[in-house]
Amino acid sequence: MKVHEHQAKDILKRFDVAVPAGQVAFTAEEAVRAAMDLGGSVWVVKAQIHAGGRGKGGGIKVARSLDEVRTSAGQMLGMYLKTHQTGPEGRLVKRLLIEQGVAIARELYVGITLDRATSQNVVMASTEGGVEIEKVAAETPEKILKAHIDRGAGFRPFQARALVFGLGLTGEVQKNAVKFLLGLYRAYEAMDCSLAEINPLVVTSDGHVLALDAKMNFDDNALDRHPDLPPLRDLDEEDPLEVEASKSNLNYIKLDGNVGCMVNGAGLAMGTMDIIKLAGGQPANFLDVGGGASAETVEAGFKIILADPHVRAVLINIFGGIVRCDRVATGVVEAARKVHVQIPVVVRLAGTNAEMAAEILARSGMNFLVASSLKEAAQKVTQAIA
């Protein structure tokens with residue numbers, strides 16, 4: 001689950017992580033009132049969407065008068081902001097964050113996530129703040145400092161000091177930065193985050209260390225522990241098909257291809273997409289219907305896949321371990337009839353009662369393309385749309 005920048009900063013303040021003073025606004029007049037409440041003579045008007053690169057797309061403007069605040073707010077609200085993360089269609093801007101301007105002396109980067117190679121959280125820091133960190137990692141990886149965190153010991157102050165020293169910070173700024181890093185890690189762990197990223201982390205001319213931007217993603221499986229988080233979800237920022245899938249407890253991610261995939265198990269789904277690619281096809285989605293793969297979940301999966309106009313064929317790849325293949329086959333037939341599938345459907349069922357499942361599909365009177373192996377299934381589905 002993702003949240004907006006202003007929501008992430010509200011969470012960070014609970015953990016004594018320093019952020020600029022700011023208020024959210026939904027109209028140009030609210031933006032002006034927010035600037036008046038904040039005081040000062042320079043403000044920053046920031047579009048709130050779930051995507052990076054807003055500045056390059058015109059989604060961040062500095063205002064030096066209330067009239068400029070009003071003008072910038074009026075221009076941003078209702079615009080489709082296009083960045084490298086939104087795609088060509090852009091995202092509709094419905095809310096803004098109005099912040100006090102700060103005098104920036106340095107821009108840095110800090111991020112926390114899980115390093116799956118070591119099964120440890122990793123705190124990353126870089127002097128290259130305010131730019132795309134992916135580009136830094138690809139071109140100058142030596143500029144990214146890392147501290148892997150032992151699960152039992154946690155993030156130790158000496159590790160924070162080592163990172164801050166590596167950034168070249170000294171004196172009072174160094175102390176402020178250490179406090180910032182320790183607070184950010186407390187927030188990351190306490191809120192069950194999958195990502196906490198501050199880009200840029202700024203050092204002001206008077207020595208303060210602030211999160212000028214903030215991105216926080218949360219583990220969906222831990223939301224039951226945080227009843228305050230689900231109300232922050234902005235469905236307008238999510239793909240409509242992914243929202244619909246979540247209502248049926250399906251794990252769905254839309255992709256750019258034309259082969260719809262329906263699989264039980266995340267690992268098997270990843271493998272299925274890889275095999276489709278090797279066969280020359282392009283997966284249209286990741287869809288894990290779960291271990292049960294009942295008629296209801298299969299029907300819901302069909303509806304979601306077929307709602308994508310780019311899908312020209314469907315590949316169903318189910319392993320009958322938790323559920324028997326004959327039950328899955330019955331569910332596939334029932335679902336296909338209800339949804340009125342009009343495009344080729346390739347089915348590969350393996351596991352318990354796979355032979356019985358093949359007979360059910362053959363007797364259904366529907367034009368399923370049955371495959372006995374994953375390789376054959378991938379070949380059949382790519383040939384069906386050739």
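**Exercise 1. Determine the handedness with which helix α8 passes helix α12, and describe their packing.**

Step 1. The crossing of α8 over α12 is right-handed; a crossing has this name if the near helix is turned clockwise from the far one by less than a right angle, and is left-handed if the turn is anticlockwise. Helices here are DSSP runs of H or I with at least four residues, strands are runs of E with at least two, and both are numbered from the N terminus.

Step 2. The residues of α8 in the contact are G271, T272, I275 and I276, and those of α12 are L374, K375, A378 and T382. Contact means heavy atoms within 4.5 Å.

Step 3. Sorted by class, this contact of α8 with α12 comprises four nonpolar, three polar and one charged residues. Ala, Val, Leu, Ile, Met, Phe, Trp, Tyr, Cys and Pro count as nonpolar, Asp, Glu, Lys and Arg as charged, and the others, Gly among them, as polar.

Step 4. Helix α8 covers residues 266-278 and α12 residues 374-384; their axes lie 9 Å apart and form an angle of about 55°. Axes are lines fitted to C-alpha atoms, for helices over the stretch in contact, and angles run from 0 to 180 degrees between N-to-C directions.

Step 5. The two helices are therefore oblique to each other, since angles under 35 degrees count as roughly parallel, over 145 as roughly antiparallel, 65 to 115 as roughly perpendicular and the rest as oblique.

The model is predicted: local features need pLDDT of at least 70, side-chain atom pairs count only at pLDDT 80 or more, and totals for chains, interfaces and linings use all residues. Residues are numbered from 1 along each chain as its sequence is written, and side-chain values use heavy atoms, with hydrogens and water left out.

**Exercise 2. Decide whether T382 is buried or exposed, and state what it touches.**

Step 1. T382 is located in helix α12.

Step 2. Its relative accessibility is 14%, so T382 counts as buried (buried is under 20% relative accessible area, exposed over 50%, partly exposed in between, with a 1.4 Å probe and protein chains only).

Step 3. Leaving aside residues up to four places away in sequence, T382 touches I276, A279, G280 and G281.

Step 4. T382 and V259 are 123 residues apart along the chain, with 7.8 Å between their C-alpha atoms.

**Exercise 3. Locate F302 and list its contacts.**

Step 1. F302 belongs to helix α9, residues 295-306.

Step 2. The relative accessible area of F302 is 0%, so this residue is buried.

Step 3. Beyond four places in sequence, F302 touches M262, V314, I316, V332, A335, A336, V339, V341 and V345.
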